[in-house]
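I wanted to look up which parts touch and at what angles.

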Amino acid sequence: MAEFRMPTLGADMQAGTVVAWLKKPGDVLRRGDTLAEVDTEKGVIDVEVFTAGVLEAIVVPVGAKVPVGTVMATIRAGAEPAAALPLPPPRGLPETGEERPVTPAARATPPLIPPAPIYAPGLVATERLKISPAARRLARELGVDPAAVTGTGRSGAITRGDVEQAAARGAAAPRAAAITAPPSAAMPAAGDRQARMRRTIAAAMARSKREIPHYYLATTIDLGRAMAWLADRNAAVPVAERLLPGVLLLKAAALAVREAPELNAVWDGERVVLRETVHAGVAIALRGGGLVILAVHDTATRPLAALMTTVRELTVRARAGRMKSSELADSTLTVTSLGDRGVEAVYGVIYPPQVAIVGFGRITDRPWAVNGGLCVRPVVTATLAADHRVSDGHRGGLFLDAVDRLLQEPEKL
Amino acid sequence: MATREEVRAAALAVLGGIAPEADLTALGADVPLRRGLDLDSVDFQNFLIGLTKALGVEIADRESAALTTLTACMDRLAARSSPR
């Protein structure tokens with residue numbers, strides 16, 4: 001039997017609140033299925049399951065806030081026969097599935113929240129409320145318990161209007177909260193989420209600056225060929241298929257890891273653990289403040305068009321507060337691009353337990369010397385902040401040099 | 001073919017989805033969209049995709065940079081027949 005635990009969705013996450021279970025005991029689970037919705041300071045996260053099998057029991061009820069690593073449900077894996085096994089006690093370590101090693105930082109950092117109380121499975125609500133994310137958010141903001149609202153939408157779905165009417169009637173009867181925690185803890189309001197996100201960013205970044213000996217490198221890269229190639233390519237296709245320069249930079253950074261594999265890794269507290277696949281984490285600024293780092297899976301091997309689509313979708317969903325657990329948990333090397341905000345260079349703070357962050361500034365026309373003559377070229381400042389425990393400036397320099405070389409042959413990206 | 005008012009309405013509807021917290025009723029027709037609504041390049045591309053879908057027109061790559069304000073969108077996209 002496998003245990004489904006509260007996953008760690010980044011080094012800055014310590015606990016999550018179960019908002020909904022999307023499967024009920026007896027349901028068949030495939031790898032990648034969304035099993036639960038969990039509320040964190042980053043939004044409501046679709047938590048995916050990485051063990052195929054049958055959902056045996058739900059341990060943590062809707063509305064309960066539990067620390068990372070807490071057993072949330074048990075899964076009968078594969079062809080294992082059903083058996084009335086007693087639940088093993090939580091070990092405090094997140095299980096993330098056979099193909100995803102436990103994030104070393106999660107191991108190294110003791111949970112700051114006391115162990116979770118054990119909940120009786122009988123209290124669990126397994127029905128998924130038919131409610132849109134927007135209506136659910138509104139309900140949270142207005143302090144309305146969605147379970148107490150009668151839906152008037154399609155198939156009885158709860159609409160924003162239903163929530164507003166319920167709020168007007170004063171129908172705030174927090175069902176889940178009555179079982180577990182005060183409403184403020186179980187259903188945080190938007191403003192509260194902002195404050196919590198600020199605190200978690202503060203904790204992760206303070207830890208980074210306290211523990212990681214950063215070194216910084218910068219180089220200016222001629223994008224003349226890349227921008228000309230991009231303009232040619234984009235002229236021939238509809239807007240939905242056009243590439244933004246940022247996606248070339250992203251792929252170049254992912255490919256350059258070949259030259260310095262130790263930058264695509266995590267620090268487990270004592271040593272570096274290399275990651276074979278590059279899942280670049282893109283830093284996405286949220287409206288109203290804060291940011292999330294979401295994984296663009298298999299960045300080095302997927303075509304530019306696919307990466308562009310992913311980046312677009314991630315941006316929309318990050319801002320809407322709809323993200324998947326794998327997107328939050330899987331990134332291996334962060335790439336941040338503040339060029340849109342007008343700055344020429346960004347020197348990043350490493351997102352632990354990662355060991356490097358690549359930064360790209362604004363693409364801007366500059367005088368550029370070529371073969372002893374002067375011309376005007378679009379250029380970008382690429383930076384690397386890396387962990388000196390893991391790599392040295394020489395290796396970092398090779399990495400940035402590879403980014404430059406790759407961008408000189410955009411058609412091969 | 002869309003009228004100027006239809007282009008304006010479509011643009012505001014798309015922007016409302018991208019920047020839900022913004023007060024679009026207060027958005028002046030000549031305010032630069034990207035700065036006024038803090039849109040990054042991905043947001044702006046999503047805006048262009050939304051516009052092409054809503055209006056049934058295509059927007060050339062070299063033209064997209066000119067769609068900086070609501071007025072510019074109306075000037076360029078109103079009365080344009082769909083090439084598709």
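I began with the contact between the chains: 15 residues of chain A are in contact with 15 residues of chain B (C-beta atoms, placed from the backbone, within 7 Å). The model is predicted, so I noted that local features need pLDDT of at least 70 and side-chain atom pairs 80 or more, while totals for chains, interfaces and linings use all residues. Residues are numbered from 1 along each chain as its sequence is written, with chains lettered from A and ligands numbered from 1 in the order written.

On the side of chain A that touches chain B, α7 (224-235) and α9 each supply at least two residues; α9(A) gives the most, with four. Helices here are DSSP runs (H or I, at least four residues), numbered from the N terminus. By class, I recorded seven nonpolar, four polar and four charged residues on that side (nonpolar: Ala, Val, Leu, Ile, Met, Phe, Trp, Tyr, Cys and Pro; charged: Asp, Glu, Lys and Arg; polar: the others, Gly among them).

Next I looked up α9(A) against α3 (residues 41-55) of chain B: the axes come within 10 Å and cross at roughly 95° (lines fitted to C-alpha atoms over the stretch in contact, angles from 0 to 180 degrees between N-to-C directions). That makes α9(A) roughly perpendicular to α3(B) (65 to 115 degrees). A:Val311, A:Arg312, A:Thr315 and A:Val316 meet B:Val42, B:Gln45 and B:Asn46.

Key: Two residues are in contact if their C-beta atoms, placed from the backbone, lie within 7 Å. Angles under 35 degrees count as roughly parallel, over 145 as roughly antiparallel, 65 to 115 as roughly perpendicular and the rest as oblique.
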